[in-house]
Number of protein chains: 2
Amino acid sequence: MTERTADRIREELEQSIIGGAFADGERLDEVSLSEQFNVSRTPVREALHALSASGLVEQLPRRGAFVRYPSFRRTIEMFEVMAELEGMCGRLAARRMTDSGIVAIEKAMQGCEAAHLAGDTDQYYRENETFHHLIYAASGNTFLSGEASKLHRRLRPFRRLQLRVRNRMRQSLNEHRDIVEAIRSGDADLTGRLMHDHVAIQGEKFNDLMASYDEARAG
Amino acid sequence: MTERTADRIREELEQSIIGGAFADGERLDEVSLSEQFNVSRTPVREALHALSASGLVEQLPRRGAFVRYPSFRRTIEMFEVMAELEGMCGRLAARRMTDSGIVAIEKAMQGCEAAHLAGDTDQYYRENETFHHLIYAASGNTFLSGEASKLHRRLRPFRRLQLRVRNRMRQSLNEHRDIVEAIRSGDADLTGRLMHDHVAIQGEKFNDLMASYDEARAG
DNA sequence: AATGCATTTCTTGTATACAAGAATATTGAC
DNA sequence: GTCAATATTCTTGTATACAAGAAATGCATT
């Protein structure tokens, strides 16, 4: 037993929830889950607590754990905060960027370009993650970097959805180029604004996506 | 048993840690703690996990839990992020403020004034909390409001320290007046900037405070 | 004396047993 | 038939027992 069972359960549950295996508000029964995973209730409980801390699950005392998909509104709110945090990261990063740092970021951007040329959304997705995390780290504020990473992770499933939107990959890439350019020029305010908008636009795209779903349902 | 034991333990441990009962890096032994609190290891473990999630302790797999006081640098970093979040709250609040909202905020400010006149730092502290939370809520972004509240809570012990600094209460009050004025005028950018600086100055004061401690130790 | 290895001890992680609150079913009154 | 009170069942919360890594100790070897 090299890995903690609780962590594995947590991971698997998270994937299941994100993958939409449960209905919103569905109760997660400790006994059923422990039977399903062939473990005792203990690691399941720990996993549920962890998921509760990260916001995927809500726990009511002596009532149990319930999956809580963020509402449409809440998702928009989260993108709004993410935009602010990324803007801050960009602002600080432009101010504090080192030579080796900018090289790494440029390399990540080239990875994005390669993925775009190959038409590989999955690869683009991964390279894009690297790009963003490098900028978080370059902010020089480890607490900010950590918080940004946490929220980034939480928004992952929604962001992933968006690469499917027509031309989004190309547009995203252009935004990356502008951001790198701004960082290179050391313009903190511009970098912050560009990073902010780069994320805010994702919230808007998400909005569009939902609207088109609603339309499709109604039509 | 009307309350969860684990929650009580969590609360008590949190108070102890914040109160400085443990050295930085000290290991929190599950067995010792359970004996100390006269409970089993189970609720102690849950409490430690919760504290780990909120950042007060660090858990290393199969090694145990260790108290982690934020370093000086990290504290400054946290204030930096707090300033950004509060600035965002202020910006949105100014834009979205309702009539009843502004009345509540003005009332909280009057509470601060009363506390200042009475020279009651504890009361000022409480009224100040209300003031800030009202602005968080007025942002209309419940996710932002929640995150701001969490970080606010985490920085509480450091903020409390600062009211002892000479004239800080008066200065803080003046800043509150400016903020309320800006909100009333509906100037989002100004409100955001004022809120940001209102918090950033706390980080600076904290910096000063630490510097004077170091000086006192050296002298 | 110092280092490497084996053994022991200690602590965390998991399983299971028990306690108590919440939900549900049942029974009785109206 | 409906509602309320009570009994039963079900589920979470806590305690304890057991398993398995990690640290500590002691011994042998160089």
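Me: How much area do chain A and chain B bury between them?
Reply: This is a predicted model, where local features need pLDDT of at least 70, side-chain atom pairs count only at pLDDT 80 or more, and totals for chains, interfaces and linings use all residues. Residues are numbered from 1 along each chain as its sequence is written, chains are lettered from A and ligands numbered from 1 in the order in which they are written, and side-chain values use heavy atoms, with hydrogens and water left out. Buried area is the accessible area (1.4 Å probe) that two parts lose on being put together, summed over both. Carbon and sulfur atoms carry 48% of it here, and the area that chain A and chain B bury is about 2500 Å².

Me: How many residues of each chain are in contact with the other chain?
Reply: Contact means heavy atoms within 4.5 Å. By that rule the count is 28 residues of chain A and 27 residues of chain B.

Me: Which residue forms a salt bridge with A:Glu84?
Reply: A salt bridge is a side-chain nitrogen of Lys or Arg within 4 Å of a carboxyl oxygen of Asp or Glu. Between chain A and chain B there are six salt bridges. For A:Glu84 the closest N and O atoms are 3.0 Å apart, and the partner is B:Arg91.

Me: Which helix gives the largest share of the side of chain A that touches chain B?
Reply: Helices (H or I, at least four residues) and strands (E, at least two) are DSSP runs, numbered from the N terminus. H3, helix H4 (72-96) and helix H7 (142-162) of chain A each supply at least two residues of that side. The largest share is twelve residues, and it comes from H4(A).

Me: How many residues of the side of chain A that touches chain B are charged?
Reply: Ala, Val, Leu, Ile, Met, Phe, Trp, Tyr, Cys and Pro count as nonpolar, Asp, Glu, Lys and Arg as charged, and the others, Gly among them, as polar. On this side ten residues are nonpolar and four are polar, while the number of charged ones is 14.

Me: Is A:Glu175 buried or exposed?
Reply: A:Glu175 is found in helix H8 (residues 168-185) of chain A. Leaving aside neighbours within four places in sequence, A:Glu175 is in contact with A:Arg168, A:His198 and A:Ile201. Buried means under 20% relative accessible area, exposed over 50%, partly exposed in between (1.4 Å probe, protein chains only). Because its relative accessibility is 16%, A:Glu175 counts as buried.

Me: How many helices and strands are there in chain A?
Reply: Along the sequence, chain A follows the pattern α-β-α-α-β-β-α-α-α-α-α-α. The count is nine helices and three strands.
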